[in-house]
Amino acid sequence: MRKTALLRGREVFKRVAQSGKRIEGKLLRCRYLLLKEPAGCRSKVQVGIKVPSKTFNAVKRNRVRRLMREAMRLEYDNFAAALPLSPLHSLKMIVWFNAGNSASIEKLALHDVREEMKALCNTIVSELGDRL
């Protein structure tokens, strides 16, 4: 996943969090927003990753963040290729770790996070395929 594929900026995060469509899974939650962008936009799909700071200490938070980033890196190319987006559209997406699963964080494996990330991506692709 390239740096241009990372969602940056407080205003963009706020806009996606407030007006994006919501999807929930067992481990992860997601909000995404389809935007019209100029032809020279940076990336067709941009992803932001958030882990709640109030429920975990820094070590656990960073571990979860690394797992989520790696799962997205592995799924990003397939996800971006499967999206039915025109060159004038871009998808902004924020993925949160579900804080309700704090008890199982020591047992969390990349396989689990990747499967959940793949399910979220497939849901987004199917919903956007119906809309466009």
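Reader: Which residues does glutamine 46 touch, once residues up to four places away in sequence are not counted?

Author: Glutamine 46 touches Thr4, Ala5, Leu6, Leu7, Leu91, Lys92 and Met93, where contact means heavy atoms within 4.5 Å. This is a predicted model, in which local features need pLDDT of at least 70 and side-chain atom pairs count only at pLDDT 80 or more, while totals for chains, interfaces and linings use all residues. Residues are numbered from 1 along each chain as its sequence is written, and side-chain values use heavy atoms, with hydrogens and water left out.

Reader: Why is glutamine 46 called buried?

Author: Its relative accessible area is 6%, and buried means under 20% (exposed is over 50%, partly exposed in between, with a 1.4 Å probe and protein chains only), so glutamine 46 counts as buried. The residue sits in strand S3, residues 45-50; strands (E, at least two residues) and helices (H or I, at least four) are DSSP runs, numbered from the N terminus.

Reader: What makes the approach of glutamine 46 to lysine 92 a polar contact?

Author: The two side chains come to 2.5 Å, and a polar contact is a pair of N or O atoms within 3.5 Å, of which, within protein, one must be able to donate a hydrogen and the other to accept it (residues adjacent in sequence count only if both atoms are side-chain atoms); the 2.5 Å pair therefore qualifies.

Reader: Which residues have the most contacts inside the largest nonpolar core?

Author: They are Leu28, Phe79, Leu83, Leu91, Met93 and Ile124, in a core of 34 residues; such a core is a set of buried Ala, Val, Leu, Ile, Met, Phe, Trp, Tyr and Cys residues joined through side-chain atoms within 4.5 Å. Strands S2 (28-36), S3 and S4 (89-97), together with helices H2 (58-82) and H3 (110-131), each supply at least two residues of this core, and the largest share, eight residues, comes from H2. Leaving aside neighbours within four places in sequence, leucine 91 is in contact with residues including Gln46, Phe79, Leu83 and Ile124.

Reader: Why is the aromatic pair of phenylalanine 56 and phenylalanine 97 called tilted?

Author: The ring centres are 5.7 Å apart, with 55° between the planes; rings of Phe, Tyr and Trp (its six-membered ring) pair if their centres lie within 6.5 Å, and planes under 30 degrees apart count as stacked, over 60 as edge-to-face and the rest as tilted, so this pair is tilted. The pair links the loop between S3 and H2, where phenylalanine 56 lies, to phenylalanine 97 in strand S4, 41 residues apart, and both residues are buried.

Reader: Where is the kink in H2 centred?

Author: The kink, of about 50°, is centred on glutamate 75, the bend at a residue being the angle between axes fitted to the seven residues ending there and the seven starting there. Glu75 is one of the buried residues of H2, which also include Arg61, Met72 and Phe79.
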